[in-house]
Amino acid sequence: MERKFLEEHLIRGTADLPVGIYSVDAAKEGHIPLHYHREFEFLVVTHGKAKIQLEGNSVYLNSSEGIFINSQTLHSSVNITENDGFSFIAIVFSPELIAPEYDNLYKRFIRPIIKNKFALPVVLPDEIVNIIMKTKKISDRADFGYELAIKGNILQMLSIYIANAEKHPYTKNTIQSEIVKKTLDYIHMNYPNAITLRDLASHAHISKEHLCRIFRDISDTSPIVYLNRYRTTQSAYMLRNTNKSISEISFLCGFNNGSYFDKMFMRFMKCTPSEYRRKVQ
């Protein structure tokens, strides 16, 4: 998995072409943790099957099927193919790629998408999936003028997508979403440290029971399960990309008990940390 893909506040591409195009192999983790970003995202599964969680709604995708993920939308994905991972292509781009905020195009089309004024189709039509695959090849070749081709393809995809939208609002529980985002931000900033459910609830200014109920409604899991899974994901990255000892990685990722680290790693990765390191190196 490309770590940059998961960084919510990363600046994608360049000021002239604010686009990130990623090929992501999620087999090593089996999931993409819950996160959000201000950019739009087109995503197509290229291998395996995945369950995509969008603000509490589950979407199941086979290979060659894709979805659009709106700005600031909480989303995650998990493999649903036994003994096999999944991979996907993602095109993540700034809304300002289409037009600046003062432009009429932005006011007529981009802002209504961001504000959920359109009921957009969940699964992408085949026409858009095909353009995504072509755009990835253009990006890989990077021939002279490829930036124009990428921008043109994104404009075409978005125009096709909007043409299939209904002009009535998509209902979304903004208050719940903001509570979960606030909790995620806290976990991502503090996961190496000791964190309790009481800490998370206090940060969100709600009760522990209320936080658990909201978090499960949005993400289909509990805050503590998410915390342990996120810590495990970070430890897996370090096992693949550093020479640090397993005990040091355990500590750096917030697991102060080695046996508990082994237990969580086995739960989420289906192997021990040492077995995982042997497999990926």
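Is Phe255 buried or exposed, and what is its relative accessible area? Phe255 is buried, at 3% relative accessible area. Buried here means under 20%, exposed over 50% and partly exposed in between, with a 1.4 Å probe and protein chains only. The model is predicted: local features need pLDDT of at least 70, side-chain atom pairs count only at pLDDT 80 or more, and totals for chains, interfaces and linings use all residues. Residues are numbered from 1 along each chain as its sequence is written, and side-chain values use heavy atoms, without hydrogens and water.

The whole structure holds 14 aromatic pairs. In one of them, Phe255 and Tyr260 are tilted, with 6.2 Å between centres and 55° between planes. Rings of Phe, Tyr and Trp (its six-membered ring) pair if their centres lie within 6.5 Å; planes under 30 degrees apart are stacked, over 60 edge-to-face and the rest tilted. Tyr260 is partly exposed, at 35% relative accessibility. The charged end of Arg231 sits over the Phe255 ring, 6.0 Å from its centre. This term requires NZ of Lys or CZ of Arg within 6 Å of the ring centre and within 35 degrees of the ring normal. The charged end of Lys181 likewise sits over the ring of Tyr36, 5.1 Å from its centre. One aromatic cluster is formed by Phe40, Phe42, Phe68, Phe93 and Tyr161.

Helices (H or I, at least four residues) and strands (E, at least two) are DSSP runs, numbered from the N terminus. Helix H3 (residues 126-141) packs against helix H4 (residues 146-163) at about 165°, with axes 10 Å apart. Axes are lines fitted to C-alpha atoms, for helices over the stretch in contact; angles run from 0 to 180 degrees between N-to-C directions. H3 and H4 are therefore roughly antiparallel, a term for angles over 145 degrees. Residues of H3, including Ile128, Ile131 and Ile138, meet residues of H4, among them Ala149, Met157 and Tyr161. Contact means heavy atoms within 4.5 Å.

Two loop residues are also buried. Gly48 lies between strand E3 (40-47) and strand E4 (50-54), at 16% relative accessible area. Its C-alpha atom is 6.5 Å from that of Asn62, 14 residues apart along the chain. Beyond neighbours within four places in sequence, Gly48 contacts Leu61, Asn62, Ser63, Thr81, Gly85 and Phe86. Thr221 occupies the loop between helix H7 (208-219) and helix H8 (223-241). Thr221 is buried at 17% relative accessibility. With residues up to four places away in sequence left out, Thr221 touches Phe215, Arg216 and Tyr226.

Notes: Parallel < 35°, antiparallel > 145°, perpendicular 65-115°, else oblique.
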